[in-house]
Amino acid sequence: MAATPHAHPDAAQLRLVPARRDIDALHEAMGAAMGRHGYTEASRFAVRLAVEEALANAFHHGHRGLPPQTPVDLSYAVGPGLIEVTIKDRGPGFDPGAVPDPTLETNLELPSGRGLLLMRAYMTTVEFSERGTVVRMTYRRPAKG
Amino acid sequence: MAATGSRLRVRRENDVIQVEFVDRNILDEANIQQIGEEIARLVESQPRPKILISFANVDHLSSAALGTLISINNKVRARDGQLRLAHIDPQIVEVFKITKLDRIFQIHDSTERALASFG
């Protein structure tokens, strides 16, 4: 996992390959940062889940057809009230508006397609840009957590 | 990373096949695929299977794992069997609710309650 350290210890820019060890290291770093800022376990679960889903989308859907170890660029910043995560993949992009709603009765038993729903459910904002190759998510600390 | 060794702990008690996960985090596609294949073999191992999947010790679950559970549920139904999920961390239960998959699966607080619910 190649890292360019920021001056702020609660932020980093990474080039991440689809290796569980590296992804877990990211979660550990972000979790530690969130812990230092007093985020609750529920908040850490939420952010970890959304980041995991966003990475899965980038690696398995965004990079379909590319060499398996094609990396994504990820940056994160953990602040006292706000967490920001941006992931850029190297694929051709997609239209997030074209992803079917997996909670509709007709889609409920589809084998996939829930990652975006979960990202939007757990993060405060989820925005796509550059033809869907960049996702920027924010998590605002809940009033009581 | 290829998964090696079983990802499940399996116990058969009376006519119920009880399954627990070896991993605390069910996230990787390779592991999830293996889990799906292992449980599918259990489903096919008897007519009208009764399968109880316990999520004790599971901390994190990806949406890909949810897809595999749906596939397992379909296989169980195709064999006129019954599937129960039990002992799921409340944070993960919330994932089932957000995805409305709590409408498809019978989820119980405990293994005991899940066992009692089999017909």
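Modeller: In this predicted model, strand β2 of chain B, residues 16-21, runs parallel to β4(B), and five bridges join the two. To find one of these pairings in the picture, look for Val19(B), whose bridge partner in β4(B) is Ile53(B). Strand β4 of chain B, which covers residues 50-54, also pairs with strand β6 of chain B, residues 82-86, again in the parallel sense and over five bridges. As background, the strands of a sheet pair through backbone hydrogen bonds, and they may do so in a parallel or an antiparallel way.

With these pairings in mind, the whole sheet can be read across. It is an open sheet of five strands in chain B, in the order β1-β2-β4-β6-β7, and its pairing is mixed. The edges are formed by β1 (8-13) and β7 (107-108) of chain B, each of which pairs on one side only. Is β4(B) enclosed or in the open? Four of the five residues of β4(B) are buried, and therefore this strand is largely enclosed by the rest of the structure.

Helix α1 of chain B (residues 29-43) and helix α2 of chain B (residues 63-78) have axes that come within 10 Å and cross at roughly 15°. Because of that angle, α1(B) is roughly parallel to α2(B), and the crossing of the two is right-handed. From α1(B) the contact uses Glu29(B), Ile32(B), Ile35(B), Gly36(B), Ile39(B), Ala40(B) and Val43(B), and from α2(B) it uses Ala64(B), Ala65(B), Thr68(B), Ser71(B), Ile72(B), Lys75(B) and Val76(B). Sorted by class, the residues of this contact between α1(B) and α2(B) are nine nonpolar, three polar and two charged.

Helix α1 of chain A (residues 20-36) and helix α2 of chain A (residues 41-62) have axes that come within 10 Å and cross at roughly 150°. The helices α1(A) and α2(A) are therefore roughly antiparallel to each other, and their crossing is right-handed. On the α1(A) side the residues that meet the partner are Ile23(A), His27(A), Met30(A), Gly31(A) and Met34(A), and on the α2(A) side they are Ser43(A), Arg44(A), Val47(A), Arg48(A) and Leu55(A). This contact of α1(A) with α2(A) has five nonpolar, three polar and two charged residues.

Ala58(A) is placed in helix α2 of chain A, and it counts as buried because 26 other C-beta atoms lie within 10 Å, where 20 or more are needed. If its neighbours within four places in sequence are left aside, Ala58(A) is in contact with His63(A), Val72(A), Ile87(A) and Asp89(A). From Ala58(A) to Thr138(A) the separation is 80 residues in sequence and 17 Å in space, taken from C-alpha to C-alpha.

Strand β5(A) and strand β6 of chain A, residues 134-140, pair in the antiparallel sense over five bridges. Four residues lie between the strands of this hairpin, and there Glu130(A) takes a positive phi near 50°. Of the five residues of strand β5 of chain A (residues 125-129), the number buried is zero, so this strand lies largely in the open.

Finally, the two chains touch, and the contact takes 19 residues from chain A and 19 residues from chain B. On the side of chain A that touches chain B, α2 and α3 (115-122) of chain A each supply at least two residues. The largest share of that side, seven residues, comes from α2(A). By class, the residues on the side of chain A that touches chain B are nine nonpolar, four polar and six charged.

Terms used:
Residues are numbered from 1 along each chain as its sequence is written. Chains are lettered from A and ligands numbered from 1 in the order in which they are written. This is a predicted model: local features need pLDDT of at least 70, side-chain atom pairs count only at pLDDT 80 or more; totals for chains, interfaces and linings use all residues. Axes are lines fitted to C-alpha atoms, for helices over the stretch in contact, and angles run from 0 to 180 degrees between N-to-C directions. Angles under 35 degrees count as roughly parallel, over 145 as roughly antiparallel, 65 to 115 as roughly perpendicular and the rest as oblique. A crossing is left-handed if the near helix is turned anticlockwise from the far one by less than a right angle, and right-handed if clockwise. Two residues are in contact if their C-beta atoms, placed from the backbone, lie within 7 Å. Ala, Val, Leu, Ile, Met, Phe, Trp, Tyr, Cys and Pro count as nonpolar, Asp, Glu, Lys and Arg as charged, and the others, Gly among them, as polar. A residue is buried if 20 or more other C-beta atoms lie within 10 Å of its own, exposed if 12 or fewer, and partly exposed in between; C-beta atoms are placed from the backbone. Two strands pair if DSSP finds at least two bridges between them.
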